[in-house]
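Subject: A structure for you to look at

Dear colleague,

Please find below the structure that I promised to pass on to you.

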Amino acid sequence: MASSIGFRLARLPHLWRSILDRRLAPLGLTQTRWVTLYHIWRLGEGHPQCDLARVIGVEAPSLVRTLGQLEEQGLVERRACDNDRRSKRIHLTPAAMPLLEKIDSVAQEARAEMFEGLSADNIEQLDEWLAIIESNGLAIQARDQETPG
């Protein structure tokens, strides 16, 4: 049984994104765009592009292309950083807010459906367990990076 947990943990993010992709498609958003918008919203405005790329887990050139598309849609603005004109900070436009509220609503509904059959206590316990697993994984990763391959 324990051997299947890793496969389930790996499968869930793909399943989650697939459900949201299908439900957000009518809004004209690709996964890359809604994930980027949602992260900007959750991070707060004015973060540098490089920070956003790191949080999302993508390479900077990929993010630049996505931000360009979102900029063309009038959803984000890239502004030069005051102390480093080469660095760009990302800001949402007022047009993005209704779309983000819809994304959030769709995500909340999908989350409720996926958690169906679990009590609030079950969900809290799951969150605690996942935090422990994540912490262990980060410790392993840090240790492995310190040790030459």
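In the lining of the largest pocket, the largest share, eight residues, is supplied by helix H6. Before I go further, please note that this is a predicted model, in which local features need pLDDT of at least 70 and side-chain atom pairs count only at pLDDT 80 or more, while totals for chains, interfaces and linings use all residues. Residues are numbered from 1 along each chain as its sequence is written, and side-chain values use heavy atoms, with hydrogens and water left out.

The pLDDT is the predictor's confidence in each residue, from 0 to 100; its mean for the protein is 90, and 97% of the residues reach 70 or more. The protein has six helices and three strands, where helices (H or I, at least four residues) and strands (E, at least two) are DSSP runs numbered from the N terminus. From that end, the elements follow the order α-α-β-α-α-β-β-α-α.

On a 1 Å grid over the protein atoms alone, a cavity is a set of points where a 1.4 Å probe fits but cannot get out, whereas a pocket is an open set with protein on both sides within 12 Å along at least five of seven lines, and lining residues have an atom within 4 Å of a point. Grid points are joined across faces, edges and corners, and a volume is the space filled by probe spheres set on the points.

The largest pocket has a volume of about 1200 Å³. Of the 18 residues that line this pocket, Leu9, Leu12, Phe115, Leu126 and Leu130 are the closest to its centre. Helix H1 (2–24), helix H5 (96–114) and helix H6 (120–146) are the elements that give two or more residues to its lining. The lining divides into 14 nonpolar residues, no polar ones and four charged ones, if Ala, Val, Leu, Ile, Met, Phe, Trp, Tyr, Cys and Pro count as nonpolar, Asp, Glu, Lys and Arg as charged, and the others, Gly among them, as polar.

The second largest pocket has a volume of about 220 Å³, and its lining includes Trp16, Trp34, Tyr38 and Arg111. Helix H2 (31–43) gives the most to this lining, with five residues.

There is also one cavity of 30 Å³ or more. About 40 Å³ of space lies in the largest cavity, and among the residues that line it are Ile40, Leu43, His47 and Ile90.

Finally, there are the salt bridges, each a side-chain nitrogen of Lys or Arg within 4 Å of a carboxyl oxygen of Asp or Glu. A search of the whole structure finds six of them. In one, arginine 23 pairs with glutamate 109, with the closest N and O atoms 3.9 Å apart. Arginine 23 lies in helix H1 and glutamate 109 in helix H5, so this pair ties together parts that are 86 residues apart in sequence.

With best wishes
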